[in-house]
Amino acid sequence: CQVLECCWADLKKQVEEASDLDHIIAAHETFLDQVLNRCLLDAESRQMLTQLRTIFDLIIQFQNAQEAFFSAATTELQSRQRLEKAVELRTDEGEWGMTEWDEEEERKRSVKFVDNVIPDTRAQLKVLSKSYQDMVQQFLMMLTSHQDVSLRFLSFRLDFNEHYKKREPKLRSPLTHRFSKRVKTPVP
C-alpha cells in the first residue's frame, strides 16, 4: 500500500503539471517502473524477492513446528489428566490406583515426550531461528545496496530496533551507495 500510495501521489502531481500527452505517458511509465521496482517485481529484484519468499517459508515452518509441539504437549497433558482421573476412580472403588503395567506404560510415554519430542522441537526451532536470522540479515544487506532509495530506507524500517544492525557491521554504515554495484572508474 505504501508503495502504491506514494507512487500514485507522484503520478497525480506529474499529470497535473504535464503540458502535453507525452509528459503524461512518461509519468505513467515512471509510475509503472517505480511500482514494479519497489514491489520487487522487476528483473533486478528477483533475487531479493526469492530471499523474501524464503523468509516467509521459514515463518510458515516455524508456525508448523509450533503447532506440532503444541499438539504434542496438549496430547501429553490430556494423557496425564486421563491417567489421574483413572487413578482417582480406581482408588475410590477401593482398588490400587495404578498397576505395575500402568506405571511402566506411563513412564514410557512420559520418557518419549521428554526425551524425544522436546529435544527434537528445540533442535528444529534452533535451526529455523538461525536460518531466519541469516536470511533476514542477507535481505537487509540486499536492501541497503539497492539503487532505489525507498528500498534502502525499507531496511531501516524493517530493522527498527537495530537488532540486525548490531549483529552485522556492514549494516552499521550510513545510508550510502557504499554497497551498491557501481563501476569504478580508474583515477588518472
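Modeller: Happy to! Let's start with Ala-72, which sits in helix α3. Keep in mind throughout that this is a predicted model.

Colleague: Which residues is Ala-72 in contact with, leaving aside its neighbours within four places in sequence?

Modeller: Contact is a matter of heavy atoms within 4.5 Å. With the sequence neighbours within four places set aside, Ala-72 is in contact with Phe-113 and Val-117. Along the chain, Ala-72 and Phe-113 are 41 residues apart, while their C-alpha atoms are separated by 8.0 Å.

Colleague: And how do I read the exposure of Ala-72: buried, partly exposed or exposed?

Modeller: Look at the relative accessible area: under 20% is buried, over 50% is exposed, and partly exposed lies in between. Ala-72 has 23%, so Ala-72 is partly exposed.

Colleague: Let's turn to rings. How many aromatic pairs does a search of the whole structure find?

Modeller: The search finds two aromatic pairs. One is formed by Trp-8 and Phe-31, with 5.9 Å from centre to centre and 75 degrees between the planes, an edge-to-face arrangement. This pair links distant parts of the chain, with Trp-8 in helix α1 (residues 2–17) and Phe-31 in helix α2 (residues 21–38), 23 residues apart. Trp-8 is partly exposed at 47% relative accessible area, whereas Phe-31 is buried at 13%.

Colleague: What about the rings of Phe-69 and Phe-113: why is that pair called stacked?

Modeller: For that, look at the angle between the planes, where under 30 degrees counts as stacked. The planes of Phe-69 and Phe-113 are at 20 degrees and the ring centres are 6.4 Å apart, so the pair is stacked. Here too, distant parts of the chain are linked: Phe-69 belongs to helix α3 (residues 46–92) and Phe-113 to helix α4, 44 residues apart. With 30% relative accessibility Phe-69 counts as partly exposed, while Phe-113 is buried with 11%.

Colleague: Now for charges. What is the general idea behind a salt bridge?

Modeller: Side chains of opposite charge can pair when their charged atoms come close. In this model, a search of the whole structure finds nine salt bridges. One of them joins Glu-76 and Arg-80, whose closest N and O atoms are 2.7 Å apart.

Colleague: Where do Glu-76 and Arg-80 lie?

Modeller: Both are in helix α3, four residues apart, which is about one turn of the helix. Glu-76 counts as buried at 7% relative accessibility, and Arg-80 counts as partly exposed at 37%.

Colleague: Which residue forms a salt bridge with Arg-109?

Modeller: That is Glu-106, and the closest N and O atoms of this bridge are 2.3 Å apart. Arg-109 and Glu-106 are three residues apart in helix α4, so about one helical turn separates them. Arg-109 counts as partly exposed at 22% relative accessibility, but Glu-106 is buried at 18%.

Colleague: What distance separates the closest N and O atoms in the salt bridge of Lys-108 with Glu-105?

Modeller: In that bridge they are 4.0 Å apart. Lys-108 and Glu-105 both lie in helix α4, three residues apart, about one turn of the helix. Lys-108 counts as partly exposed at 44% relative accessibility, and Glu-105 is partly exposed too, with 33%.

Definitions and conventions: Residues numbered from 1 in each chain as written. Predicted model: local features only at pLDDT ≥ 70, side-chain atom pairs only at ≥ 80, totals over all residues. Heavy atoms only, no water. Phe/Tyr/Trp six-rings, centres within 6.5 Å; stacked < 30°, edge-to-face > 60°. Helix = DSSP H or I, 4+ residues; strand = E, 2+ residues; numbered from the N terminus. Buried < 20%, exposed > 50% of the residue type's maximum accessible area, 1.4 Å probe, protein only. Salt bridge = Lys/Arg side-chain N within 4 Å of Asp/Glu carboxyl O.
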